[in-house]
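Hi there,

Here is the structure I promised to pass on. Have a look at it first, and my notes follow just below.

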Amino acid sequence: MSIPTKHPFAFDPTYGLSLEALLALRAPEAPKGFDAFWSRRYKRALALAPEPQLRPSPLSHPDFRVEELSYTSTDGVLIGGWLLTPAHEKPRRGIVVGHGYGGREAPDFDFPVRDAVLLFPCFRGLSKSPHPPISPQSHWHVLHNIDDPDKYVIGGCVEDLWIAVSTLASLHPEVAGRIGYSGISFGGGIGALAMPFDPRIDRGFLEVPTFGNRPLWLTLPTNGSGAAVQIYRKRHPQVDEVLRFFDAATAATRIEAPMLVAAARFDPSVAPPCQFTIANALPPSKFNETFILDAGHFDYPGSAAQHAQLSQKIRRFFGVP
C-alpha cells in the first residue's frame, strides 16, 4: 500500500478512517419527493431536441476521427465538447465521458476504450460551455443558485449529461442501448445523480466521485469545492435541505445498471468517506465492483501501477460481448 503519509495539508486527507470504517458507511435517506424531483427533470430533458452540430477539430489522433461538438441543453444552454469516432472499426458501444471540476481543455486520448465512440461534453459554465453568469471557477460554480433546487447548477449539469446521451444516440443510433458513462470527481458525482433516472445508460464508471453523503461532506475539511459550500452554509444553514436532493450517495442506492467505482483512501479534494458512501450505496450485485485507490487528487508512489490496473478493468468493464 502507498497511502501517503507526508503531505502539505492542514488536515488529514484519510480522516483517520480505516478501510473497515469506510466500507461501513451508509447513504442518507432520501428527502420526500426525491424521485419525483429527478424523474420530472429527466422527462423534461428527454423531450428536448439537442440539435447537435459537428465541426472538424484541429486535434488529431491515429485511432479516432476527432470532431468538435455542440448541442443544446435545458434552459437553452449551449454545451461544447468533442466527439471521437473509431477511425478503423465500427464502434461497438458509446461512452459519455465527464470531467472533474478543473474542466476539460481537450478530449482524453488515453481513455482505455478504443472500440467505442466517445463523447466528451463540458458541463454548463465550464471550459467549452461558458454560460454567464455561471462562473467557470469551481468555488463559485458550485454555489450558483444553490438556494433553489430547481435552478441549482448541479441539476443543470445532470441534465447536460442526459442530453449528451440523447446526442450520442442521435449521431450514432447503432450504439443505442449500449451507451455507458464514465466520470471522475465532479463528473463522478454528476454521473451518480444522473444514472438512476436514465435507463439508456447501461453501465457506469465513477472515479473518486464527489457529492456523496452530503451531511458528512458539509463537515469534513477539504480543499475541494466542498470548502466553498461549507463557508456559504455558515450564513445560510437552510442550504442543507436543498443539498439533500443532490446527494450522490442517496441517488446511488437507486442505480440498477452495472457499476465500477474507484474510491480513494486518501484525498484532499473529495473526502474518502464521501466517495465510499457512494460505492457502498450501490445495490448488491455481482456486476458491481469497488476498486480501491491509495489516493486521489494527489501524486503518490504506486500511482502509475494502480491506474494501469484500473485501466484494464475499465477496458473490460466497457467491453461489448
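Asp247 is in contact (heavy atoms within 4.5 Å) with Pro28, Leu193, Phe211, Gly212, Asn213, Arg214 and Pro215, leaving aside its neighbours within four places in sequence. Please keep in mind that this is a predicted model, where local features need pLDDT of at least 70, side-chain atom pairs count only at pLDDT 80 or more, and totals for chains, interfaces and linings use all residues. Residues are numbered from 1 along each chain as its sequence is written, and side-chain values use heavy atoms, with hydrogens and water left out.

You will find Asp247 in the loop between helix H8 (239-243) and helix H9 (248-252); helices (H or I, at least four residues) and strands (E, at least two) are DSSP runs, numbered from the N terminus. Asp247 is buried (under 20% relative accessible area, 1.4 Å probe, protein chains only). Even so, Asp247 has no salt bridge (a side-chain nitrogen of Lys or Arg within 4 Å of a carboxyl oxygen of Asp or Glu). The nearest side chain of opposite charge, Arg214, is 5.6 Å away, but the side chain of Asp247 does reach the backbone nitrogen of Arg214 at 2.6 Å.

Now to the sheet. Nine strands form an open sheet with mixed pairing, in the order S1-S2-S3-S5-S4-S6-S7-S8-S9; two strands pair if DSSP finds at least two bridges between them. Strands S1 (53-56) and S9 (289-293) are at the edges with a single partner strand each, so one side of each has no neighbour in the sheet. S1 and S2 (residues 64-72) run antiparallel, joined by four bridges, and Gln53 stands opposite Ser70 in S2.

Best wishes

Note on methods. Buried < 20%, exposed > 50% of the residue type's maximum accessible area, 1.4 Å probe, protein only. Lys, Arg positive; Asp, Glu negative; His and termini not counted. Polar contact = N/O pair within 3.5 Å; in protein donor to acceptor, adjacent residues only side chain to side chain.
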